[in-house]
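Visitor: I am new to this structure. Please pick one part of it, look at that part closely, and then show me what lies around it.

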Amino acid sequence: TATPIPRTLHMSLAGIRDMSVLEEAPQDRLPIQTFVMEYNDETIREAIIRELTRGGQVYLVYNHVSTIADMAARVEGLVPEAHVTYAHGKMPANRIEDIMYDFINGDADVLVTTTIIETGLDIANVNTMIILDADRLSQLYQLRGRVGRSNRMAYAFLMYRPDRILQDAAEKRLGAIREYTELGSGFRIAMRDLEIRGAGTLLGRAQSGHMAEVGYDLYCKLLNQSVMKLKGQSEPQDEFETTLDLNIDAFLPDSYIPNENQKLDLYKRIASITGEDDYEDMLDELMDRYGEPPSNVQNLLKAALVKSMAHGAFLTELTQKGPELRFTFWAKAPVNVDRIGPFMGKYKRRLRFVAGPHSYFTYALPAASGAGTQVLVQAESLLKAMKEELF
């Protein structure tokens, strides 16, 4: 599926279902140009005329069966030269089939339709879609996927009523569909949908929603433990927290991202960085959306990466005290003690090991490396070497 519903996606992430991801788009496929805006008759008219001028056809999604005929008539009034037809799910099946065959054969220019087109249609000549009351629909990505199915540039206009105050979830959903327009972005949109709508119930009919009684994080932890038990696997060995305490400026300043909601969302996503790929993706996204990040933002990203590396090296703490870094191991860390001596020898007197219930390394930072980016560079370098040689 292009965008799994939250419950299905969460079951895949939790290991209950298997998941594979297609990494490459079909040859010559282009991203769909997406616009989110208030309803405007003139924009609708211009979009339809532009598509007809290049010999194409148009979907206009209007999810109100009782007044869909009136909307089709309104579109005909806006663009008299266009042949407009309409379809909805309450029509007899043979009537819908006749309408769709006429549309596929080019006997109609504009199809005003409900969301019945969200799956199964592949009409290469339809490359403009207009979605009305888009803020009320959750399947925007599936709908948008009905256009842009050839090597021709496609356009999607997501419209909402001018007098409507957008709900928080609707605003986030429209923001996601506008933000993720590149090919293959369905998985990222599905992840955002999971955040917005919640994972639903594992046993039951609810396809979205939050586990209010225990909280989402605890629910995921309990679910993961149960899945591993059923698979006959031992519980993961990463049941420990890793803290980072370094002398660095690492935050998102107002001058870079003034919107507080966006900032909170980004802090959460940056904290979830688990490797180089996540780090590079986050850096690219920030540069695309907000421009070149200042040093304190770069430090924040790098600190998240270093924290992830420290967790992967079985460290519970990575702290800085003056010109010295301390790397404290988890009590159950599977360190190969025979390699500690040779490993320390590579750093001469800078690296020292202290054994005990909470064994740790101390590392004397080189001169001029005790603050800012250089601390992160030194920590990252040592963590890479530690992971390679001690485990």
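Guide: Contact here means heavy atoms within 4.5 Å. Leaving aside neighbours within four places in sequence, Lys302 is in contact with Tyr279, Leu376 and Glu380. Lys302 is the place to start.

This is a predicted model, in which local features need pLDDT of at least 70 and side-chain atom pairs count only at pLDDT 80 or more, while totals for chains, interfaces and linings use all residues. Residues are numbered from 1 along each chain as its sequence is written, and side-chain values use heavy atoms, with hydrogens and water left out.

Lys302 sits in helix α11, residues 295-312. Helices (H or I, at least four residues) and strands (E, at least two) are DSSP runs, numbered from the N terminus. Is Lys302 buried or exposed? Buried means under 20% relative accessible area, exposed over 50%, and partly exposed in between (1.4 Å probe, protein chains only). Lys302 has 18% relative accessibility and so counts as buried. Leu376 is 74 residues away from Lys302 along the chain, yet their C-alpha atoms are separated by 6.9 Å.

Now the helix pair. Two packed helices are described by the angle between their axes and the distance between the axes. Axes are lines fitted to C-alpha atoms, for helices over the stretch in contact, and angles run from 0 to 180 degrees between N-to-C directions. The axes of α11 and α13 cross at roughly 25 degrees and come within 10 Å. The two helices are therefore roughly parallel to each other; angles under 35 degrees count as roughly parallel, over 145 as roughly antiparallel, 65 to 115 as roughly perpendicular and the rest as oblique. The crossing of α11 and α13 is left-handed, a word used if the near helix is turned anticlockwise from the far one by less than a right angle, with right-handed used if clockwise. On the α11 side, the contact is made by Asn299, Lys302, Ala303, Leu305, Val306, Met309, Ala310 and Gly312. On the α13 side, the residues are Thr373, Leu376, Ala379, Glu380, Leu383, Lys384 and Lys387. This contact of α11 with α13 divides into 8 nonpolar, 3 polar and 4 charged residues. Ala, Val, Leu, Ile, Met, Phe, Trp, Tyr, Cys and Pro count as nonpolar, Asp, Glu, Lys and Arg as charged, and the others, Gly among them, as polar.

Helix α13 (residues 373-390) also lies across strands β8 (315-321), β9 (324-329), β10 and β11, running at about 35 degrees to β9. These strands belong to an open sheet of 5 strands with mixed pairing, in the order β7-β8-β9-β11-β10. Two strands pair if DSSP finds at least two bridges between them. The edge strands, β7 (243-245) and β10 (351-354), each pair on one side only. Neighbouring strands of this sheet are turned against each other by 15 degrees on average, direction ignored. Strand β11 (residues 360-364) pairs with β10 in the antiparallel sense over 4 bridges. Within that pair, Arg352 has Thr362 of β11 as its bridge partner.

Another helix pair can be described in the same terms. Helix α9 (residues 260-271) packs on helix α10 (residues 276-290) at an angle of about 160 degrees, with the axes 12 Å apart. That angle makes α9 roughly antiparallel to α10. Their crossing is left-handed. Gln262, Leu266, Arg269 and Ile270 of α9 meet Met282, Glu285, Leu286, Arg289 and Tyr290 of α10. The contact of α9 with α10 has 5 nonpolar, 1 polar and 3 charged residues.

Helix α9 also holds a lysine, Lys263. Lys263 counts as buried because its relative accessibility is 6%. Not counting residues up to four places away in sequence, Lys263 touches Leu252, Pro253, Asp254 and Ile257.

Last, the setting of these parts. The chain has 13 helices and 11 strands. Of its 391 residues, 42% are buried. Among contacts with a separation of 6 or more, 70% are between residues 24 or more positions apart.
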